[in-house]
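Colleague: Please take a close look at one pairing in this model and then carry on from there into the surroundings. Give me the cut-offs as you go.

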Amino acid sequence: SYMENKGYLVDKGEFQFWTPEDCEEEGGLNCFGNNPDSPYGVYTFHNDFEGEYTNDLNLDLERRLRIDEAVVFFGLTPPLAKYFGFTHYLGRREKDPGIGSKRKSSSLSDTINPMNINVTGDGSYEASFSSDVCIVTTGDQNMFEAVKEGMQYAGVPPEVMNLQVLSSDTLNLGNDRTRDSITWLHRIMRFIDKDAGNAYMENPPVHLFRVSPKVPVDRALVVPYPLPDRMNRATGVGEIDLRSSVQGLEAVLRRLFHLRADISLFQAKSKPTATQGEQCLEDNANCKRDNPDAAYFANLPGYTLGQNDVFIIYGINHVKTGYAKYMSVTLYGLNGIAFASLNSEDDMEGTAAKFIPNSPNVDKLFAFVMARDCKSYANCVRIPYAGSKGLPPWVPPLMLSRNILNPQTGTGADFEELVPTRLMFAKLPRIAPLYKNKTKNGEE
């Protein structure tokens, strides 16, 4: 090939997807706190590389790279969907000399998404799908230019070139056991045409390469990249004007469910997760593969769900307020595997009208119940005790609210500008039937 003739080694990799079904089969391994609406694309290189220490790595997901190397993704972006995002991460980092490495999973720059990706087309959000793209991950400006030249030789226009920076300001790049590992994650949310989406995942029209100089480049000749700046999340406005509407919905829910806050109701507070990888690294924390395009809120109520217990989940549909392209609320059980999920496309619209039909902001709110038995409740998701969609009676769930890609800024929403999804828990001996209605699972 052109690059090989220019003095480079080219190793072919594999771009493959992990689905929710794969998560269940693996018992939670590699599930990344899976969103049931989203498959996860990963980079895999199967061949050994001389001098690279891999004993502590998951080779399905990560590798150690020298600063003069590059990983090249070339092919088509996915078919039309609500969202896609390409994110690269610091995978593992040495704890202390001689002790081994520790998982960090922190993003290294803003995610490449339909609003900022370089592809041919008219620049619209929709034109970013099913388009030719080349994404280069490297720490050396000279290597990026070499790959760009090679792609142009192959007929790839420079307009589709994208860069994921490996900055030596943040990373300890190299092949030996003391060096950081790098991993990649490709998210897709809600294919518009499911058949087209499944075909893309089953046989991705993508080529993946690891490009390495046959003779390592002298470090003095490398032109490193500085740490990329992150996009500003703030709009200067936010959803504060809707707080009173959420409080009004909560008051109605309390009355309808005969709940008294002093004896029978527990309200768990939703808290934002880390905003970006650098903050996690500063706090010496595991970032759990943060998505810079997302505002995540986590809620751990600390209660298990018994036969007569109820989780009441309610709040703002951030898609309706213009602060997200997609939103979901997911509950996780054993091994961090999702057992229930609601999203802005299929589930939230119109649900608050069951409780506050005359509120001026009712179209921007949602409300759901999760229970073992849905016969008595409106907008109810039934949670069985066992199976892939089950929650054992001894496992307290974790709720995670995902708010993906603020269309006003092209990145994740500012946490301070969103009103978080709320959760109430009730342990009740009996509740009178309320608005008996069709459940999310299609039962009466």
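Modeller: Let's start with strands β16 (residues 326-332) and β17, which pair in the antiparallel sense over five bridges. Strands are DSSP runs of E with at least two residues, helices are runs of H or I with at least four, and both are numbered from the N terminus; two strands pair if DSSP finds at least two bridges between them. Residues are numbered from 1 along each chain as its sequence is written, and side-chain values use heavy atoms, leaving out hydrogens and water.

Within the pairing, S328 sits opposite N343 of β17. Strand β17 spans residues 338-343, and six of its six residues are buried. Buried means under 20% relative accessible area, exposed means over 50%, and partly exposed is in between, using a 1.4 Å probe and protein chains only.

Next, helix α4 (residues 194-202), where G197, Y200 and M201 are buried. Seen down the axis, those buried residues fall within an arc of 95°, so they line one face of α4; the arc is that of the directions from the helix axis to the C-beta atoms. Among the elements covering them are β2 (14-18), β5 (70-76), β10 (182-191) and β11 (206-213). The face turned away carries exposed D195 and E202. D193 caps the N-terminal end of α4, with a side-chain oxygen 3.0 Å from the backbone nitrogen of D195.

Then there's R63, in strand β4 (residues 62-63), buried at a relative accessible area of 2%. A polar atom of the R63 side chain lies 2.5 Å from the backbone oxygen of F45, and the side chain of R63 also reaches the backbone oxygen of N47 at 3.1 Å. Leaving aside residues up to four places away in sequence, R63 touches, among others, D48, E52, S181 and R210, where contact means heavy atoms within 4.5 Å.

For sulfur, C374 and C380 form a disulfide with their sulfur atoms 2.0 Å apart, a disulfide being a pair of cysteine sulfur atoms within 2.5 Å. The torsion about that S-S bond is about -70°, so the disulfide is left-handed. Both C374 and C380 are buried.

On confidence, the mean pLDDT is 88, and 90% of residues reach 70 or more. Over residues 431-439, though, pLDDT is below 50. Where pLDDT is low, the predicted coordinates should not be read in detail.

How values were computed:
This is a predicted model: local features need pLDDT of at least 70, side-chain atom pairs count only at pLDDT 80 or more; totals for chains, interfaces and linings use all residues. A polar contact is a pair of N or O atoms within 3.5 Å; within protein, one must be able to donate a hydrogen and the other to accept it, and residues adjacent in sequence count only if both atoms are side-chain atoms. pLDDT is the predictor's confidence in each residue, from 0 to 100.
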